[in-house]
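Thanks for coming. I will go through one structure, starting with its charged pairs and ending with its aromatic rings.

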Amino acid sequence: MGEIVPDFGKVRPLAGGFIPRSKLLQSFSSQRCRCFNEGNVMKITVIGAGNMGAAFVKQLTRAGHQVSVTARDSAKAQAIASANTGARAVAAAGAADDADLVVLATGYADAVDALRSVGDLSGKPVLDITNPLTADYMGLTLGHSTSAGEELAKAFPGAAFVKGFNTVFAQVLADGPYLGGQTVSVFLASDSERAKQTARAVAESLGFAVVDAGSLKNARYLEPLAGLNIYLGYGAGLGTNIAPTWIRKA
């Protein structure tokens with residue numbers, strides 16, 4: 001599928017005709033990167049070389065961040081780094097040491113081992129995108145009284161966990177923040193205001209709209225929301241170019 005671009009409205013024609021949509025997207029992307037580079041460039045470690053990990057590395061490097069990627073399959077991590085200028089593949093040991101943010105882009109079943117492998121997470125903001133899915137992806141293994149986000153926070157009490165991006169399909173993340181003429185929403189839930197603000201800054205640097213979803217306890221709501229999104233995408237056949245959002249009266 002082609003890239004989805006924002007609705008720029010009417011564009012003034014040049015002498016040779018209208019500006020191609022591809023040029024508009026390129027111009028918008030470069031402006032976004034330039035604006036962010038005038039502010040904070042973060043050191044970000046992405047754990048995982050699957051579709052979500054690859055999409056994060058793509059968007060984070062485009063936004064000007066310094067990105068390291070690590071995974072069980074070092075060849076996959078290297079392939080992702082090679083495909084994205086500004087990214088580098090690193091060994092798991094010590095991968096989190098200099099990171100301003102750690103992005104956990106693995107499945108929930110692999111999350112604890114993956115986080116243990118990257119070193120000391122004390123004081124580190126960790127963006128947890130996992131959902132505790134059943135084997136057929138049509139249900140959750142946790143809920144009501146706890147969540148994947150809360151369980152990971154219990155396992156690593158020194159880290160500052162933020163649940164976020166778990167409602168965004170990899171294809172949507174890879175294509176960028178605009179879908180159907182709207183900006184895709186990212187919901188963030190955390191007990192750490194510092195970690196939440198770090199994740200917010202990163203999400204906004206990528207162009208996404210951030211919805212503050214309160215404390216980490218509210219991951220109990222965000223993970224079922226992701227489950228519904230997955231059902232709509234696969235079970236109901238709507239495909240993966242969809243995303244949940246929250247609208248309000250202006």
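**Salt bridges**

Searching the whole structure turns up eight salt bridges, a salt bridge being a side-chain nitrogen of Lys or Arg within 4 Å of a carboxyl oxygen of Asp or Glu. Before the examples, note that this is a predicted model, in which local features need pLDDT of at least 70 and side-chain atom pairs count only at pLDDT 80 or more, while totals for chains, interfaces and linings use all residues. Residues are numbered from 1 along each chain as its sequence is written, and side-chain values use heavy atoms, with hydrogens and water left out.

As background, side chains of opposite charge can pair when their charged atoms come close.

One of the bridges joins Asp113 and Arg116, with 4.0 Å from N to O. Both residues sit in helix α4 (residues 108-117), three residues apart, which is about one turn of the helix. Helices here are DSSP runs of H or I with at least four residues, strands are runs of E with at least two, and both are numbered from the N terminus. Asp113 and Arg116 are both exposed. On that scale, buried means under 20% relative accessible area, exposed means over 50%, and partly exposed lies in between, using a 1.4 Å probe and protein chains only.

Next is Glu150 with Arg220, where the closest N and O atoms are 2.8 Å apart. This pair links distant parts of the chain, since Glu150 is in helix α5 (residues 148-155) and Arg220 is in helix α8 (residues 219-235), 70 residues apart. Glu150 has a relative accessible area of 14%, so the residue is buried.

A further bridge connects Glu223 to Lys163, at 2.9 Å from N to O. Here too distant parts of the chain are linked: Glu223 belongs to helix α8 and Lys163 to strand β6 (residues 160-163), 60 residues apart. Are these two residues buried or exposed? Glu223 is buried because its relative accessibility is 1%, and Lys163 is buried because its value is 0%. Lys163 and Glu223 also belong to a network of salt bridges together with Asp128.

**Confidence**

The mean pLDDT of the chain is 88, and 84% of its residues reach 70 or more. The pLDDT is the predictor's confidence in each residue, from 0 to 100. Residues 1-38 have pLDDT below 50, and beyond near neighbours in sequence this stretch has 37 contacts in the model, a contact meaning heavy atoms within 4.5 Å.

**Aromatic pairs**

A pair of aromatic rings is described by the distance of the centres and the angle of the planes. The search of the whole structure finds five aromatic pairs. In Phe156 and Phe161 the ring centres are 6.5 Å apart and the planes are at 45°, so this pair is tilted. The rule is that rings of Phe, Tyr and Trp (its six-membered ring) pair if their centres lie within 6.5 Å; planes under 30 degrees apart are stacked, over 60 edge-to-face, and the rest tilted. Phe156 is buried at 11% relative accessible area, and Phe161 is buried at 4%.

Why does the pair of Phe169 and Tyr234 count as edge-to-face? Their planes are at 80°, which is the reason, and their centres are 5.8 Å apart. Phe169 lies in the loop between β6 and α6 (170-175) and Tyr234 in helix α8, 65 residues apart. Phe169 is buried at 9%, whereas Tyr234 is exposed at 55%.

Last, ring pairs link Phe56, Phe165 and Phe208 into a cluster.
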